[in-house]
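The following report concerns the sequence and model shown below.

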Protein chains: 2
Amino acid sequence: MTYCVGVAVEAGLVFAGDRRTNAGPDHISEFRKLTVFEQPGERVLVLLSAGNLAVTQATVAMLQESASRESAESLMKAPSMFRAARLVGNVLREVHRVDGEALDEHNIGFNAGFVLGGQIAGEPPRLFQIYKEGNFIEATVDTPFLQIGETKYGKPVLDRLIRVSASLAETAKCVLVSYSPTLKSNVSVGLPIDLVCYRKDSLKLTCRTTIGTDDPYFQSLTTAWDVGIAALFRSLPDPEVG
Amino acid sequence: MTYCVGVAVEAGLVFAGDRRTNAGPDHISEFRKLTVFEQPGERVLVLLSAGNLAVTQATVAMLQESASRESAESLMKAPSMFRAARLVGNVLREVHRVDGEALDEHNIGFNAGFVLGGQIAGEPPRLFQIYKEGNFIEATVDTPFLQIGETKYGKPVLDRLIRVSASLAETAKCVLVSYSPTLKSNVSVGLPIDLVCYRKDSLKLTCRTTIGTDDPYFQSLTTAWDVGIAALFRSLPDPEVG
């Protein structure tokens, strides 16, 4: 299924998405869910996708085609992040017009979600979640993270530890920690994870990396988290149960 | 919605269920989801329920009626925990026969789940989960816990920390810790929590308590857990993000 998350903190934006795709438990593949649209000095947009792969790939492909054609209606020309989010929603609606009826006939739900974040010169960084219906919401300081896909096991970690005043590095750490319970409890999410950081007002990607099974930082982070949680649990007093 | 969990460890059984019931977010009430059937020296059975309250209450009421009538077909007479689990399933199917069609007509799913655990003299303690269809599974040493209702936020804690060799007290602590992320991230689960422990071969309830908002142990446990998780997170090194 994939688990993707975008976070907007004062220092900038952090995005992550694993590549696990499954058509049933006996059909697992790897597809990248993170796409960057960048014009250094002018705009950086990061798009995360989850859901039916044919739907999300069609949407991303149409967005990439319009961007490369330098069409007026493209993520590379949108005058604001709000307009960019609306464009993603409109393209998704176009995919629904083309494929929705056939999916219906086969009783397959039209299932797709996107997180779009970034900065366009003249605006602050912004972060949106686009629903399968094509409408969308924007993250705020009260709820600075947006998740799509297999969100449930990571949510308590983010609820607990995300702070809008945190550094980009600490925010990236928190995002990666939220993958730990997700990877343990849900086989529809799996390494590698694509991770992107964007520092506010830099108007170019700050960091883009892919975390695989042999990534030493992620290994040490998740091991220390596992060991730390177990030690914390042991350190707490037991209740009296008679 | 309620979050209920039963755990079978070598030392015995632990059960917990909160009382939150909601018919939409603007209609929240408190109903006990944990029912005990006990004949000290002969059997102890604990039943947890989650789902449509009319369905689960009807099922529990019919089980209680048959138990008080000393019917041959009752949880007080069932010759084994397997037969007891089958009885719960059969009663649930009877409720479906009575109410299922009317629920269908109103497009309301027949939604109910039960956890049944306990010990009947001559058998070891056993733990079952009964599905809305009336069939059921039994916990094993490989997967010693069974959850119903709002299970998702507690699952990573149990996956990580439940050990079949743990004491009853440690197991109860683990169950209570699994409520911490659930209470934080899900308003359809709320205090109080009914907690029952059963020590193997005692054939009487070991401990039965209700944990409300002013419970000093639960307060100190969840506070220490929150503070400990935050300290653990801070102690881990940040990634290099450029």
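Is Arg69(A) buried or exposed? Arg69(A) is exposed, having a relative accessible area of 57%; here buried means under 20% relative accessible area, exposed over 50%, and partly exposed in between, with a 1.4 Å probe and protein chains only. This is a predicted model, in which local features need pLDDT of at least 70 and side-chain atom pairs count only at pLDDT 80 or more, while totals for chains, interfaces and linings use all residues. Residues are numbered from 1 along each chain as its sequence is written, chains are lettered from A and ligands numbered from 1 in the order in which they are written, and side-chain values use heavy atoms, with hydrogens and water left out.

Arg69(A) lies in the loop between α1 (53-68) and α2 (81-105) of chain A. Helices (H or I, at least four residues) and strands (E, at least two) are DSSP runs, numbered from the N terminus.

Helix α4(A) is largely enclosed by the rest of the structure, because 16 of its 18 residues are buried. Its span is given below; the expected value is 1.5 Å times one less than the number of residues.

| Helix | Residues | Span, first to last C-alpha | Expected span |
|---|---|---|---|
| α4(A) | 168-185 (18 residues) | 27 Å | 26 Å |

In chain B, five strands form an open antiparallel sheet in the order β10-β1-β2-β11-β12. Its edge strands, β10 (145-149) and β12 (207-211), each pair on one side only. Two strands pair if DSSP finds at least two bridges between them. Strand β1(B) (residues 3-9) pairs with β10(B) in the antiparallel sense over five bridges, and Cys4(B) has Ile148(B) as its bridge partner in β10(B).
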